[in-house]
Amino acid sequence: MPYINGLGKYVPEKIIDNAYLEKLVETSDEWITSRTGIKRRRMAAPDEITSDLAYKASLAALHDSGRNVTDITHVFVSSATPDALCPITACVLIRKLGIKGVMAFDCNAACSGFVNALQLACYTAKADPNALILVVAAEIMTRKVDWSDRSTCVLFGDGAGAVLVSQNLPPDPKGFTAEIKDILVDTDGEFSELIAIHAGGSREHYTVGTPVNREYFIRMEGREVFKQAVRSMTSASQTILERNGLKIEDIALAIPHQANDRIIQAVGDRLNIPEEKLFSNVSEYGNTSSASVSLALADARNAGRMPAGSTVLLTTFGGGFIWTAALLKII
Ligand code: UT7
């Protein structure tokens with residue numbers, strides 16, 4: 001299987017804490033902390049757009065690997081909050097990176113987008129052993145929340161993570177290096193209405209002068225999504241472990257989608273993962289949609305939680321519904 005070589009992240013400087021949200025909507029630090037574990041989230045500056053976050057995370061991944069930007073052959077940007085419907089964020093990103101002639105496109109699989117893009121990168125790397133694929137997950141969720149809806153505005157934050165994927169490693173790989181052992185992606189469109197942003201595409205008709213209403217912002221049936229998230233991430237993790245002949249004891253660290261500490265704990269409990277093997281940084285960043293596991297991967301690496309030789313389990317869940325699991329062997 002292909003390798004990740006190079007990992008980078010970027011989060012905007014501005015921190016929005018729970019006390020700030022108490023002034024905006026009827027909520028409390030106590031409610032947000034006890035229901036979600038979130039204490040703070042990052043917010044992009046007014047002049048920052050998704051491709052800026054993607055650019056900074058990409059530079060960090062390139063720097064980590066020691067590779068040159070001109071070595072990149074493919075750019076896959078995962079985002080549910082792209083710069084615009086057109087031009088695609090991947091093309092804006094390659095302009096910022098100063099490269100041309102690469103295959104560049106956006107992929108949106110909501111919160112599971114990073115692992116879906118990683119899967120696509122694996123297929124590409126296998127088909128083209130000379131490919132160096134930049135996979136970036138970048139989100140500005142704070143521009144897609146209705147700041148008067150307390151059930152969603154307290155949950156989300158902004159950030160980006162990036163990795164470089166290739167079929168073969170350079171002779172002396174630098175930076176974060178891991179073999180992608182396996183990836184599982186599953187979907188069920190029956191639940192597509194439970195997390196949605198209805199307007200902005202073809203579904204809602206609008207024209208010049210149509211006022212922006214709630215349909216342009218994220219809506220979520222939190223309670224039902226919670227249940228499905230726990231079920232799906234648990235079963236995907238069990239399946240990927242089984243089909244690789246692994247037990248939970250073989251996993252050094254599990255990194256679930258960072259939406260809510262209670263979901264992370266529930267998945268950990270069902271899989272019998274001890275506390276110290278369960279990674280969470282949701283208190284710092286909130287739910288950054290598809291950037292979530294890439295940011296968590298970068299933070300886990302910085303915290304020394306993924307030593308060489310260890311096996312790491314990623315699992316994600318989000319709108320669609322789309323859920324995933326992946327196994328990485330750290331080199
Ligand atoms: O990334 C995609 C995947 N997303 C997720 O995985 C998110 C899944 N869902 C969740 O994390 C949780 O369902 C939430 C954090 C969104 C909500 O937690 P909950 O324990 O499911 O609360 P709830 O929606 O059942 O609401 C309980 C109460 C309600 O009041 P009543 O009806 O009991 O009087 C809400 O109106 O809490 C109220 N509430 C709030 N109160 C204070 C909802 N949001 C807030 C708030 N502050 N921010």
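**Entry 1. A salt bridge to start from**

I began with D299 and K9, whose side chains meet in a salt bridge at 2.6 Å, N to O. I took a salt bridge to be a side-chain nitrogen of Lys or Arg within 4 Å of a carboxyl oxygen of Asp or Glu. The model is predicted, with local features needing pLDDT of at least 70 and side-chain atom pairs counting only at pLDDT 80 or more, while totals for chains, interfaces and linings use all residues. Residues are numbered from 1 along each chain as its sequence is written, and side-chain values use heavy atoms, with hydrogens and water left out.

I then looked up where the two residues sit: K9 is in strand β1 and D299 in helix α10, 290 residues apart, so the pair links distant parts of the chain. Helices (H or I, at least four residues) and strands (E, at least two) are DSSP runs, numbered from the N terminus. D299 is buried, with a relative accessible area of 15%, and K9 is partly exposed at 26%. The cut-offs I used are under 20% relative accessible area for buried, over 50% for exposed, and partly exposed in between (1.4 Å probe, protein chains only).

**Entry 2. Other salt bridges**

I noted a count of 12 salt bridges by this rule. I looked up two more of them.

D64 forms a salt bridge with R301, the closest N and O atoms being 2.7 Å apart. D64 lies in helix α3 and R301 in helix α10, so this pair ties together parts 237 residues apart in sequence. I found D64 buried, at a relative accessible area of 15%, and R301 partly exposed, at 27%.

K96 forms a salt bridge with D52, and the closest N and O atoms are again listed, at 2.7 Å. Here K96 belongs to helix α4 (residues 89–97) and D52 to helix α3, so the parts tied together are 44 residues apart in sequence. K96 counts as partly exposed at 27% relative accessibility, and D52 as buried at 18%.

**Entry 3. Two domains**

The chain is divided into domain 1 (3–176) and domain 2 (178–330); the bounds come from an automatic or database domain assignment. I read 14 Å between the C-alpha centres of the two domains. In contact (heavy atoms within 4.5 Å) are 52 residues of domain 1 and 45 residues of domain 2.

The area buried between the domains is about 4000 Å², and carbon and sulfur atoms give 62% of that. Buried area here is the accessible area (1.4 Å probe) that two parts lose on being put together, summed over both. In domain 1, C111, V115 and F176 lose the most area to domain 2, together 16% of what that side buries.

I found four salt bridges across the interface. The rule also finds 21 residue pairs in polar contact there, both residues at pLDDT 80 or more. A polar contact is a pair of N or O atoms within 3.5 Å; within protein, one must be able to donate a hydrogen and the other to accept it, and residues adjacent in sequence count only if both atoms are side-chain atoms. On the side of domain 1 that touches domain 2, β1 (3–10), α2 (29–36), β3 (40–43), α5 (113–127), β6 and β7 each supply at least two residues. Helix α5 gives the most to that side, with seven residues.

I checked β6 (residues 133–140) and found eight of its eight residues buried, so the strand is largely enclosed by the rest of the structure. I133, V135, A137 and E139 point one way from β6, and L134, V136, A138 and I140 the other way.

Strands pair if DSSP finds at least two bridges between them. β6 pairs with strand β4 (residues 74–78) in the parallel sense over five bridges, and F76 has V135 as its bridge partner. Strand β7 (residues 158–166) runs antiparallel to β6, joined by eight bridges; V136 stands opposite A162.

**Entry 4. S289**

S289 has its place in the loop between α9 (282–285) and α10 (292–302). At 2% relative accessibility, S289 counts as buried. Its side chain makes a polar contact with the side chain of E139, at 3.5 Å. Leaving aside neighbours within four places in sequence, I listed the contacts of S289 as A80, A110, C111, E139, M141 and H257.
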